[in-house]
Amino acid sequence: MESTTLDKRRVLKKSSYEDKRFKQTTAFAYKMILPSVLFIVVFIAFPMFYSVSLAFQDFKYGVPTGEFIGLQNFIDIFTKSTVAPGFYNSLQVTLIFTLAAVVAVILISLGIAFLINESFPGSGLIKVSLLLPYAIPGIASAVMWNWIYDASFGVLNGLLFKMGIIDSYIAILSDKNLALWAIWFAYVWKMVPYSAFLLSAGLSTIPSSVYEAALMDRSSTFRTFFKITLPLLLPVLQLALVVQTIFALLLHFGLVFVMTGGGPGEATRTLPWLIYQESFTYTRFGRGSAMAIILSLIMIIFIYIYLVLLNPERRKARDGQ
Amino acid sequence: MFTNTISGRLALRKLVIFISSVLVLFYVLSPIYWIIVSSFQKEAALNFRPPLFFPNTETFTLDHYSFLFTGVVPADSTVMLQAQYTMSGTLVYPSIINSLIIALAVTVINILVGFPAGHVFSRYRFLGDQKLFAVLVSTRLLPSISIIVPMFILMQKYKLIDTKIGLIGIYSAITIPFTIWILSSYFKNLPVEYEEAARMDGCSYLNSLVKVVFPIARPGIVAAGIFAFMTAYGEFIFATVLTRTLASKTQTAVLANLASGITVSRGMISAASVLAIIPPVLLAIIFRKQIIDGLSSKLGAS
């Protein structure tokens, strides 16, 4: 009897000591993290909440206090005849661009990842070269491609002309069927290296013994890729998909700004560009914020699809139930 | 079939590697080649159809660069070109300096603020640690366009429009989550014994960070610093909305304005973009190992 109370007391004493220790550590840790948190609260969290409140206001630039109008901005975006068609068009352009960009970036970078995973003379040169599109700021690359696509003196036109593919120079960026794909090509060029390094790191974690076993079993290259490489690469591939989708929804903005300004017509007016126009050309801050919230929701839906539906463990758990 | 013999397989492998290497190098380098070549060509030569694919000495000129640095318009240019030159070209060099100042300040803030935070997350368990970490890091996924409107209103309210300080604050907030992420995962792979020994010997926490952790964690800190630098140097959306004059205009804002104008000296704008890409490209080449490690560490930079 006595020994148990003693034990209890000891346990209590010990836990209260640990408790105190834990509280001290917590206080100390928060002190160290505080500056980072301050930056994020002031420059990200607060503006984010402000943005949400703007979305429910009839806020125009020069009108200091917006009137609360509930969901009117959202209703306008989805139903009003002057707003909705443009919005749906932007949504479509954005989704087509995102899908095409993510697919192209993943496929090309997977190919390059296989290449830079091999060791051969010159592989160092390829790796350094791959760093260049990554390092070049987005706007500089936009300027670069803008000059390449130039309708009067561009090198792409010159090249196609010399090879006899076209009879006369074409205005690539003013053609409503070509403009988006020109932006897409320039975008993919800049984004490929990033994924290539990520996927190459993923490939290098697959043990070579697995491949040796496949070779022993006389498995075809095709079969080895789909039965061994792809499943083992899935976690990294998933991460690459998430990151590339988030990037593709946003980072084409500079290219659109420099190369087309959303045109011709509405052919390259993506959602970020529409938000920018609504907010800063027409200074309809309320509606612009509402559109920005819709864009954020689209992003969250994509992330959810990738992380939950494509996650092999969750899928197994769900099928098991 | 020759692929059935071992030497045949090896030869095929070599061939495939060679061909794909050439293709990749062409894909990656040819656009960069073209902007560099264009920046050294006389304006008249840039108007050839089809263009000169390979430069020659006759059309070579340094005029575009000398203009960007000195503001002296090339003597042989037409009146219209002269007007274009003087209108906007003189902003390029100062705006690159602005971008460098802003990016360096952001890098320093990132390391000062993110280093202790990343360390605490990697070494201690405390109340709400994992939740706080998740919240902090997930702010990185936030689309910057979704806070551009409130940021514009707030910056105007606090008189921070067209100031470097405003941009430095925003860029720091955007980059700090990633710095914390990359540093905390780097610290997790470092041995804890050195720090413990230093603390035993009566070294204060901050002192042990500076004297013990910093030297052994240098590669990780360099990587985090470079990612912060590159993000801040290349950011565009905030820069174009929140800047007006050379007090804060960054190279991204100036280049975008130059290029989206319809008529501009193409040689000059090529030279301007070449100048603008030199700082990050040099960093990438010098610190290629750290950057490739950072990009490969499943963390998600940019």
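User: What radius of gyration does chain A have, given that a compact globule of 321 residues would have one near 20 Å?

Analyst: This is a predicted model, in which local features need pLDDT of at least 70 and side-chain atom pairs count only at pLDDT 80 or more, whereas totals for chains, interfaces and linings use all residues. Residues are numbered from 1 along each chain as its sequence is written, and chains are lettered from A and ligands numbered from 1 in the order in which they are written. The C-alpha trace of chain A spans about 100 × 70 × 40 Å along its principal axes. With the radius taken over C-alpha atoms, and the globule rule being 2.2 Å times the number of residues to the power 0.38, the value for chain A is 27 Å.

User: How far apart are the centres of domain 1 and domain 2 of chain A?

Analyst: Chain A is divided into domain 1 (13-68) and domain 2 (81-320), with bounds that come from an automatic or database domain assignment. Taken over C-alpha atoms, the separation of the two centres is 33 Å.

User: Which element gives the largest share of the side of domain 1 of chain A that touches domain 2 of chain A?

Analyst: The contact takes 10 residues from domain 1 of chain A and eight residues from domain 2 of chain A, where two residues are in contact if their C-beta atoms, placed from the backbone, lie within 7 Å. The elements that give two or more residues to this side of domain 1 are α1 (2-55) and β1 (57-58) of chain A, and helices (H or I, at least four residues) and strands (E, at least two) are DSSP runs numbered from the N terminus. The largest share, four residues, comes from α1(A).

User: Which element of chain B gives the most to the side of domain 1 that touches domain 2?

Analyst: The domain assignment of chain B gives domain 1 (2-74) and domain 2 (90-296), and 13 residues of domain 1 are in contact with 13 residues of domain 2. With five residues, the element that gives the most is α2(B).

User: How many nonpolar residues does the side of chain A that touches chain B have?

Analyst: Between the chains, 79 residues of chain A are in contact with 74 residues of chain B, and α1(A) gives the most to the chain A side, with 17 residues. In the classes used here, Ala, Val, Leu, Ile, Met, Phe, Trp, Tyr, Cys and Pro count as nonpolar, Asp, Glu, Lys and Arg as charged, and the others, Gly among them, as polar. The chain A side has 16 polar and three charged residues, and its nonpolar residues number 60.

User: Is B:Ile170 buried or exposed?

Analyst: B:Ile170 lies in helix α7 of chain B and, not counting residues up to four places away in sequence, touches A:Phe43, B:Met151 and B:Phe238. A residue is buried if 20 or more other C-beta atoms lie within 10 Å of its own, exposed if 12 or fewer, and partly exposed in between, with C-beta atoms placed from the backbone. Because 28 other C-beta atoms lie within 10 Å of B:Ile170, this residue is buried.

User: How many of the 11 residues of helix α11 of chain A are buried?

Analyst: What covers the buried residues of α11(A) includes α3 (84-117), α9 (221-250), α10 (253-259) and α12 (285-309) of chain A, together with α6 (148-157) of chain B. Among the buried residues are A:Trp273, A:Tyr276 and A:Glu278. Helix α11 (residues 271-281) is mostly covered, and its buried residues number eight.

User: Why does A:Thr283 count as partly exposed?

Analyst: A:Thr283 lies in the loop between α11 and α12 of chain A, and has a positive phi of about 50° although it is not a glycine. The residue is partly exposed because the number of other C-beta atoms within 10 Å is 15.

User: Is B:Lys159 buried or exposed?

Analyst: The place of B:Lys159 is in the loop between α6 and α7 of chain B, and its phi is near 55°, a positive value in a residue other than glycine. Because B:Lys159 has 9 C-beta neighbours inside 10 Å, this residue counts as exposed.
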